[in-house]
Amino acid sequence: MSEIEQLLRPELRGRTPYGAPQLDVDVQLNTNESSYPVPDEVVRAAVAALHEGLSGLNRYPDREFTALRKALGDYLVQQSGVTFRPEQLWAGNGSNEVLQHLVQAFGGPGRIALGFTPAYSMHPIITETLGTRWVDGQRDAQTFDLTVESAVRQATEVDPHLVFLCSPNNPTGTALPFEVIEAMLEAAPRALVIVDEAYAEFARPGTPTALSLLAGHPRLVVTRTMSKAFTLAGGRLGYLAASPDVVDALRLVRLPYHLSTPTQTIARVALEHADLLLETVEAIKAQRDRIVTELAGLGLTPVPSDANFVLFGGLADAPATWQALLDEGILVRDVGIPNHLRVTAGTPEETSRFLTAMARLVPAHTSTKENP
Ligand code: PMP
């Protein structure tokens with residue numbers, strides 16, 4: 001062990017950092033960003049707003065991001081029909097930071113978090129790096145579904161302080177049945193139940209949002225992000241809705257002025273242009289559905305998706321297919337599930353590049369018998 005490794009907190013020794021490859025290739029379909037650039041109209045409005053605010057950078061930003069909270073509330077009522085007061089909303093530099101605030105405030109040494117994997121890889125990373133014990137709950141190994149019965153059994157066994165539910169679930173794509181969320185609030189009576197809805201805007205029609213459950217459930221938290229449907233991954237703005245007491249507790253752990261003036265400004269301008277920015281959502285959903293249909297037609301096994309990506313199985317050797325796609329300038333994600341890869345739904349052209357390459361690769365890259 002090196003001298004520095006000995007200095008490191010023991011629970012961090014030997015860990016590897018989050019590391020989705022960032023490669024400069026033609027077709028980047030690996031981190032579920034939007035392939036569509038921010039429209040000119042929004043760029044112009046953001047530049048004007050930034051220009052107006054830049055001379056004020058000698059002052060700290062509004063620590064309570066009041067105007068941004070109001071704008072987030074306006075968006076949520078329009079999107080989900082649920083009304084939120086500013087004191088029920090919180091934001092951070094991406095929903096990762098918002099999740100970190102939650103674990104900082106409600107996790108910690110001696111506490112247990114339960115999640116159901118495969119799910120978003122940052123949930124255990126944020127949890128464990130903050131000294132909280134992570135318990136890897138299980139989904140159905142074939143379908144990746146999580147039933148009420150299985151979720152309740154696991155929560156009862158573990159009796160967690162924090163529960164992570166991801167709906168629509170990354171990397172599998174499917175939204176959770178509403179009953180699982182409700183059952184979890186009962187089966188984990190001392191837990192803060194976090195529903196990560198990063199991909200909510202892409203859900204298939206009729207998929208409910210946990211936002212509508214918040215009113216009667218003070219231990220429920222719903223996190224969202226502007227990184228996906230809002231085409232704003234580089235803007236770094238994630239947020240959550242919860243009871244005012246939960247939000248109030250997050251003030252104890254956030255660093256003062258954590259949302260810079262430019263971040264607040266850009267997010268506000270984006271929310272003012274929500275309709276325009278969200279125009280690409282339907283186009284992305286159409287490509288997602290096309291990927292599901294066409295991959296199934298090739299004999300692969302795509303998982304039904306409520307997100308902007310598709311997980312598909314049926315590959316003989318997923319890392320080999322990942323490399324073969326990369327050799328053609330197409331970057332997808334190997335999330336470590338044997339025989340599976342995940343692909344983000346891009347523009348029609350990008351999706352065609354991916355599907356054409358897959359059609360060519362399938363004969364040599366599939367086998368009737370999957371690896372165990
Ligand atoms: N939750 C889920 C399920 C995600 O997939 C991601 C990003 N891949 C995030 C949260 C974090 O995104 P951001 O920090 O950009 O909001």
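I looked up the interface first: domain 1 and domain 2 bury about 2,300 Å² between them, and carbon and sulfur atoms give 57% of that. Buried area here is the accessible area (1.4 Å probe) that two parts lose on being put together, summed over both. I noted which residues of domain 1 lose the most area to domain 2: they are Arg15, Leu278 and Asp306, together 31% of what that side buries.

This is a predicted model, where local features need pLDDT of at least 70, side-chain atom pairs count only at pLDDT 80 or more, and totals for chains, interfaces and linings use all residues. Residues are numbered from 1 along each chain as its sequence is written, and side-chain values use heavy atoms, with hydrogens and water left out.

Next I checked the bounds. Domain 1 covers 3-30 + 278-365 and domain 2 covers 40-276; such bounds come from an automatic or database domain assignment. I found 24 residues of domain 1 and 32 residues of domain 2 in the contact, meaning heavy atoms within 4.5 Å.

Then I turned to charges. Two salt bridges cross the interface of domain 1 and domain 2 (a side-chain nitrogen of Lys or Arg within 4 Å of a carboxyl oxygen of Asp or Glu). I also looked at Arg15 again: its side chain meets that of Glu128 in a salt bridge, 2.9 Å from N to O.

Last, I asked which elements give two or more residues to domain 1's side of the contact with domain 2. They are helix H11 (280-297) and strand S10 (309-313), where helices (H or I, at least four residues) and strands (E, at least two) are DSSP runs numbered from the N terminus. H11 gives the largest share, five residues.
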